[in-house]
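Here are my notes after a look through the model you sent.

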Amino acid sequence: MIWGDAADTRARRVRSGLVLAVAALVLTTGCVATATEARSVAEVASGPTPEASPDPTPVATPVVIPADGPVVGEQTVSGVGPRTEERVPLAVPAAARSVLIDLSCDAPSHFVAELGDAMMLGQAQLSGECDGSRTLAWPWTYGSSGMLWLSIGPEVGWTLSVTYSSEPFVQDADLVEECEAYSQVYSQVSNADDGYGFYAAFGADEWNTRVDAAARSAAALADASDTSLADGFAAMRDVLAERSPIPGGMTEVQEFWEVHRPIAETCAWNHSEIAVYAEFGG
């Protein structure tokens, strides 16, 4: 196993776990985000021009309403480099049920994109390489916000080609089920590490027992999977079974993240994001 920067990886894992745990708590306790109704095209056209963003200022084209078909509007926004504090304003028509974005970049770059408050909406941040291979898509609901957060490489020029559709975003039901099942596997491993390392709730024998159980769960998922995640589940089974003999740091092993990341991305793009059901720290 290859060990990376343990402190950095653990910090990322803790922040991710806390955010996901809060998301799961919010969803189970019935908290609802304050609703922000989509503005009509006329309201967008008559409203003030969005404030300037980092150089250069994004330029938005007018929203176009086709005569028929599911496309109810289109928009193009361009900029350079990362946007952190400011967000990209989108002119979402009232008839939209989903937002689809083709992102192009003038240089290779990794990106992260979020439409509105993903956690409160039960949606996900989308991430990947800016290579034009996939269309970013989100459901548009009554509580959605037309503010897009985009993180991308410094000095990288980017263009968003946005399509607004009257067709709703459709989740893959099989992926929803398998991502939920994998959330249990990921939680087993995370809780094993936390219980042994952070909270000293048990010793090395219990840690090994828990990781063995997670490996068996991953194997069962791989055998039963009907989706593109089958190979990822099998790879996770192997990583957990062939783990480093040092207990308490399974989620600090490079191979673990190399396998976990594409599984997590696939689930996120289906807006069936992986959650951590934390056993400790609550």
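**Notes on the predicted model**

1. Let me start with Glu 155, which is exposed at a relative accessible area of 69%. Glu 155 sits in the loop between strand S7 (147-151) and S8. Have a look at its backbone: phi is positive, about 65 degrees, although the residue is not a glycine. Most residues other than glycine have a negative phi, so I'd point this one out to readers.

2. You'll find Ala 200 in the loop between H4 and H5, following H4. With 62% relative accessibility, Ala 200 counts as exposed.

3. Now back along the chain to H4 itself. This helix covers residues 173-198, 26 residues in total. From first C-alpha to last it reaches 36 Å, close to the 38 Å expected at 1.5 Å a residue. At the start of H4, a side-chain oxygen of Asp 172 comes to within 2.9 Å of the backbone nitrogen of Asp 174.

4. On to the charged pairs. How many salt bridges are there? The count comes to 5. Side chains of opposite charge can pair when their charged atoms come close. Arg 134 is in the loop between strand S5 (126-129) and strand S6 (136-139), while Glu 265 is in helix H7 (residues 254-269), so the pair ties together parts that are 131 residues apart in sequence. Are the two partners buried or exposed? Arg 134 is partly exposed, with a relative accessible area of 36%, whereas Glu 265 is buried at 19%. The cut-off for buried is under 20%, so I'd quote the number for Glu 265 along with the label.

5. Arg 210 and Glu 206 make another salt bridge, with 2.9 Å between the closest N and O atoms. Both residues lie in helix H5 (residues 204-224), 4 residues apart, or about one turn of the helix. An α-helix has 3.6 residues a turn, so residues three or four places apart point the same way. Arg 210 counts as buried at 19% relative accessibility, and Glu 206 as partly exposed at 31%.

6. One more pair for the list: Asp 238 and Arg 237 form a salt bridge, the closest N and O atoms being 3.1 Å apart. Asp 238 is partly exposed, with a relative accessible area of 33%, and Arg 237 is partly exposed as well, at 27%.

7. Last, the sheet. What is the order of its strands? It runs S1-S8-S3-S6, 4 strands in an open sheet with antiparallel pairing. Strand S1 (71-80) and S6 are the edge strands, each pairing on one side only. On average, neighbouring strands of this sheet are turned by 20 degrees against each other, direction ignored. S1 and strand S8 (residues 157-165) pair in the antiparallel sense over 9 bridges. To find your bearings there, look for Val 71, which stands opposite Ser 165 in S8.

Terms used
Residues are numbered from 1 along each chain as its sequence is written. This is a predicted model: local features need pLDDT of at least 70, side-chain atom pairs count only at pLDDT 80 or more; totals for chains, interfaces and linings use all residues. Side-chain values use heavy atoms; hydrogens and water are left out. Helices (H or I, at least four residues) and strands (E, at least two) are DSSP runs, numbered from the N terminus. The expected span of a helix is 1.5 Å times one less than its number of residues. A polar contact is a pair of N or O atoms within 3.5 Å; within protein, one must be able to donate a hydrogen and the other to accept it, and residues adjacent in sequence count only if both atoms are side-chain atoms. A salt bridge is a side-chain nitrogen of Lys or Arg within 4 Å of a carboxyl oxygen of Asp or Glu. Buried means under 20% relative accessible area, exposed over 50%, partly exposed in between (1.4 Å probe, protein chains only). Two strands pair if DSSP finds at least two bridges between them. Axes are lines fitted to C-alpha atoms, for helices over the stretch in contact, and angles run from 0 to 180 degrees between N-to-C directions.
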